[in-house]
Amino acid sequence: MKFLKFTTLIILLATFLRLDAVENYPYRADGLWVAVPDHADWLYKVGENAAIDVEFYRYGIPVDGVTVKYTIGDDMLPADKSGEFTLVNGKGHVDMGTMTKPGFRDLRMVAEIDGKKFEHHIKLGFSPEKLQPFVKEPADFTEFWKKAVAEDKKFPLTYSIEDVEKYTTDKMTCSLVKLQLNPEGRSMYGYLFIPRGGGKFPAVMCPPGAGVKTIKEPLAHRYYGEGGMIRAEIEIHGLHPDQTEAQFVEHRKRIGDYFKIGIEDPDKYYLKDVYLGCRRFLDLLTSLPEWDGVNLFTQGGSQGGALAITTAALDPRVNGCVANHPALSDMTGYLSDKTGGYPHHFRKYRSEATPEKIRTLEYYDVVNFARHLKCPVRMTWGFNDITCPPTTSYIVYNVISSPKDALLTPINEHWTSENTERGHYEWIKSHLLPAK
C-alpha cells in the first residue's frame, strides 16, 4: 500500500477541488486548528497509545487560556470518553489512548470564544489493514447478478445523442446522450467527450456522487478528452442536466430517499437499474467507432466510487477501476460493533433492520462486488471523512484480491484534491494496454 504522509500544517485547503464538498476548515474562517498525531501517518497498531498535539489560532493569533472540551469515540459511533484541556499560548495535548480491535478513534473538539463555537476533529487508525466486513455475501450472489445482466442484455442498446457546443473545445467534442435502460422507458443521461483528430482511444465511464442533481461541472475533467481519452460523465436518475434548480428540487421531492425505494426486495430495489444502467453505458462506449477496442475504465468518488467498483465487477471488459471513498460499503456494519457505510442504514434505529432489508443490501453492498474484481484497482480515501468513513473504505480495499494500490490522505474529509484527481488520470494512462 502506498502512503501519502503529511500533517495539517502543510495543507493549503484553498487549493483543493471540492467533491461533494465537506472540508476540514471552513472557507475564510476566523479560527484555525492544527492537530498533529505522534505517528506521522496517523496509523497505530492495536494496543499502541496515540497522542495528539493541538494548536488553535484565531485571526492567526495563538489563543490563550481558553478551555477546549473534547469527546472520543469509535468511527461514526457515540463518544465513550470525554475531557477538557486549557490552551496555553495556543497549544494543548490529548492522550487518545488505544484500541483493542482494528478500527478508528475520532477525537472531537470544541472551543467557545465570545459565544461562538469552533469545532474540529481528527481520526486515527489502529491496525485498519486488518478490518473485515460485517456484511455477508449471499450464496447466490454471482448467479443473481449473472442472471440480471443476461436479462438486461436482451434489451437492445438504445440511445439518442445531440451535440453540446458549450462544452466542445478545439481538442474534443461533447455530446449529450440519453441512454434508455429498459422497455419501460427508464433512462440515464451522460455527457460524452471524444478527442478530436481521428484515431482510436481508451474509454472511461464516470458515474456520479449521491443525490438527485444535475451533472456537475462537465469540464472539470476536460484533460481526459483533451488528453486522448473518451470520457462519459453520467447521471443515474434520468433527468436532463439542463433543467433548472427548481425542477431538480421538485424531482428530489418526488423521488425522495432512493436508497430505500424497493429495499425489501432485491429484484425491486432502486439500485438494480442503476447498477445495470452503468454497465449498459459501457455497451455504449464500446460501440463507438473511436474506441480502441481494449481499454475500458471506471472512475468515480463516493456513490460514484461505489458504482465504479460494481460496474467493473459486473463487466469483465473493464481493465482498470479508480474509486475515491466508495459509498454503499459494509452498509449493515451498524448492526455489529463498528460503523456502516453511506447512506448509513440503521445508524439511528437498528429496529428498522428487517431480515428482508438486510438480505437486499447484501446483494448491493460494494464489499461483495469488490471481492470479485479481476482488474487493477486504485483507491484513495481520507481518515477524517464523516460521509464515507475510513473504516468502510479500508474494508473494501482489504477484500480486493486483484492488483491494487491506495493513496491515503489522512486529513481529507469527503473531498479529493485536484492533484489526486490528476493522479487518477495518470494512473489510468499507466495501465493502458496496447490497442487492437
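In which loop is the place of Trp42? Trp42 is placed in the loop between strand 2 (31–37) and strand 3, where helices (H or I, at least four residues) and strands (E, at least two) are DSSP runs numbered from the N terminus. The model examined here is predicted, and local features therefore need pLDDT of at least 70, side-chain atom pairs count only at pLDDT 80 or more, and totals for chains, interfaces and linings use all residues. Residues are numbered from 1 along each chain as its sequence is written, and side-chain values use heavy atoms, with hydrogens and water left out.

Most residues other than glycine have a negative phi, and most peptide bonds are trans. Trp42, although it is not a glycine, has a positive phi of about 65°. With a relative accessibility of 0%, Trp42 counts as buried, a term that means under 20% relative accessible area, while exposed means over 50% and partly exposed lies in between (1.4 Å probe, protein chains only).

A second residue with a positive phi is Asp330, for which the angle is near 50° and which is likewise a residue other than glycine. Asp330 lies in the loop between strand 17 and helix 6, and its relative accessible area of 0% is the reason that it counts as buried. The side chain of Asp330 meets that of Lys338 in a salt bridge (3.9 Å, N to O), a salt bridge being a side-chain nitrogen of Lys or Arg within 4 Å of a carboxyl oxygen of Asp or Glu. Lys338 also counts as buried, because its relative accessibility is 15%.

The loop between strand 17 (320–324) and helix 6 (355–364) also holds Ser336, which counts as buried at 17% relative accessibility. The side chain of Ser336 reaches the backbone nitrogen of Lys338 at 3.4 Å; a polar contact is defined as a pair of N or O atoms within 3.5 Å, where, within protein, one must be able to donate a hydrogen and the other to accept it, and where residues adjacent in sequence count only if both atoms are side-chain atoms. Pro343 lies in the loop between strand 17 and helix 6 as well, and a cis peptide bond, with omega of about 15°, joins Tyr342 and Pro343.

Across the whole structure, a search finds 24 salt bridges. In one of them, the side chains of Asp74 and Arg105 meet at 2.9 Å, N to O. This pair links distant parts of the chain, since Asp74 is in strand 6 (residues 67–74) and Arg105 is in strand 9 (residues 103–113), 31 residues apart. Asp74 counts as buried at 16% relative accessibility, and Arg105 counts as buried at 8%.

Another salt bridge is formed by Arg371 with Glu137, and the closest N and O atoms are 3.7 Å apart. Here too, distant parts of the chain are linked: Arg371 is in the loop between helix 7 (366–370) and strand 18 (377–381), Glu137 is in the loop between strand 10 (116–126) and helix 1 (141–153), and the two are 234 residues apart. Arg371 is partly exposed, with a relative accessible area of 28%, and Glu137 counts as partly exposed at 31% relative accessibility.

Helix 8 (residues 390–399) is largely enclosed by the rest of the structure, because ten of its ten residues are buried. Among these buried residues are Pro390, Tyr394, Ile395, Tyr397 and Val399.

Surface patches were also identified, each made of residues with over 30% relative accessible area and no salt bridge, with like charges joined within 9 Å and nonpolar side chains (Val, Leu, Ile, Met, Phe, Trp, Tyr) joined within 5 Å. Lys and Arg count as positive and Asp and Glu as negative, while His and the chain ends are not counted, and the place of a charge is taken as NZ of Lys, CZ of Arg, CG of Asp or CD of Glu. Asp38, Glu48, Asp53 and Asp95 form a negative surface patch.

A nonpolar patch on the surface is formed by Leu157, Tyr159 and Ile161, which together have about 250 Å² of accessible area, as given by the Shrake-Rupley method with a 1.4 Å probe, in which, for residues, only the protein chains shown count as cover. Tyr159 is placed in strand 11 (residues 158–163) and, at 35% relative accessibility, counts as partly exposed.
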